[in-house]
Amino acid sequence: MSYKFVEYADREMLALDLANLIAGELRTALSQSDSATLAVPGGTSPGPVFDDLCAVDLDWERVNVMLTDERWVQEDSDRSNTRLLRERLLTDKAAAANLLPLYAPYDTPEEGLGELAKGIEAQLPLSVVLLGMGADMHTASIFPEADKLDEALAPNAPVLLPMRAPGAPEPRITLSAEALDGAMSKHILIFGAEKRAALENAKGKAPKDAPINAVLNGATVHWAE
């Protein structure tokens, strides 16, 4: 397994450089196809990248944007990653992009799974994926102790899976490792000494113990303190 590790002087520089890099990769994808699909994480870390990316000159009307995973909560919830996406990325010039949803108004993710998967399957492989990583070495909602971990890591996994894990208050929905790893360009964004140590700790571990290893090969890791 090999990946590229890029260290930045500060988080502001990382966000600007990564946004420009993703924009360039989307332009390349659009030059080769009618559309491009960008998958991104929720949480606070990618927010500054979104702030820079949303202002980039790009044919956003031909770009599909989606989350790598989502909490099964309504979009007006403070816990909703879709809400973050609308506020930080799907604004300014990027407001013209097409959102591929990872939430539908059902009680459980299982009820909405088929409906949501149809819209995503037609856009595979992903053009660009941006992922985060937790201190437990999870990525997207593929957690080391999740109930459907084995299914999410399987080579024949469906594109979307419902997921429940210890410490996660709500059910989740996540792209499978197969869908994430199949992206034409893969980027992983991490901040701080704890995350860098976790990345080092992942070396040599099986993906079921360090799910990040299911998508790390060929990726670029972007790190700043």
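Me: How many of the residues of strand 9 (185-191) are buried?

Reply: Seven of the seven residues in strand 9 are buried. Buried means under 20% relative accessible area, with exposed over 50% and partly exposed in between (1.4 Å probe, protein chains only). Strands here are DSSP runs of E with at least two residues, helices are runs of H or I with at least four, and both are numbered from the N terminus. One caution before we go on: this is a predicted model, where local features need pLDDT of at least 70 and side-chain atom pairs count only at pLDDT 80 or more, while totals for chains, interfaces and linings use all residues. Residues are numbered from 1 along each chain as its sequence is written, and side-chain values use heavy atoms, leaving out hydrogens and water.

Me: Which residues of strand 9 sit on each side?

Reply: In a regular strand, side chains alternate between the two faces of the sheet. In strand 9, Ser185, His187, Leu189 and Phe191 lie on one side, with Lys186, Ile188 and Ile190 on the other, and all of them are buried.

Me: In which sense does strand 9 pair with strand 6 (128-131)?

Reply: Two strands pair if DSSP finds at least two bridges between them. Strand 6 and strand 9 have four bridges and pair in the parallel sense; Val129 has Lys186 as its bridge partner in strand 9. Strand 10 (220-224) also runs parallel to strand 9, joined to it by five bridges, and Ile190 has Trp223 as its partner there. From strand 9 the chain passes through helix 7 (192-201) to strand 10 in a right-handed β-α-β crossover. Right-handed means that, with the strands pointing away from the viewer, the path from the first strand over the helix to the second runs clockwise.

Me: Where does Pro46 lie?

Reply: Look in the loop between strand 2 (36-40) and helix 2 (47-53). Pro46 is buried, with a relative accessible area of 2%. Contact means heavy atoms within 4.5 Å; beyond its neighbours within four places in sequence, Pro46 is in contact with Pro41, Leu130 and Leu189.

Me: Which strand gives the most to the lining of the largest pocket?

Reply: Strand 9 does, with three residues. By class, the lining has ten nonpolar, ten polar and four charged residues. Ala, Val, Leu, Ile, Met, Phe, Trp, Tyr, Cys and Pro count as nonpolar, Asp, Glu, Lys and Arg as charged, and the others, Gly among them, as polar.
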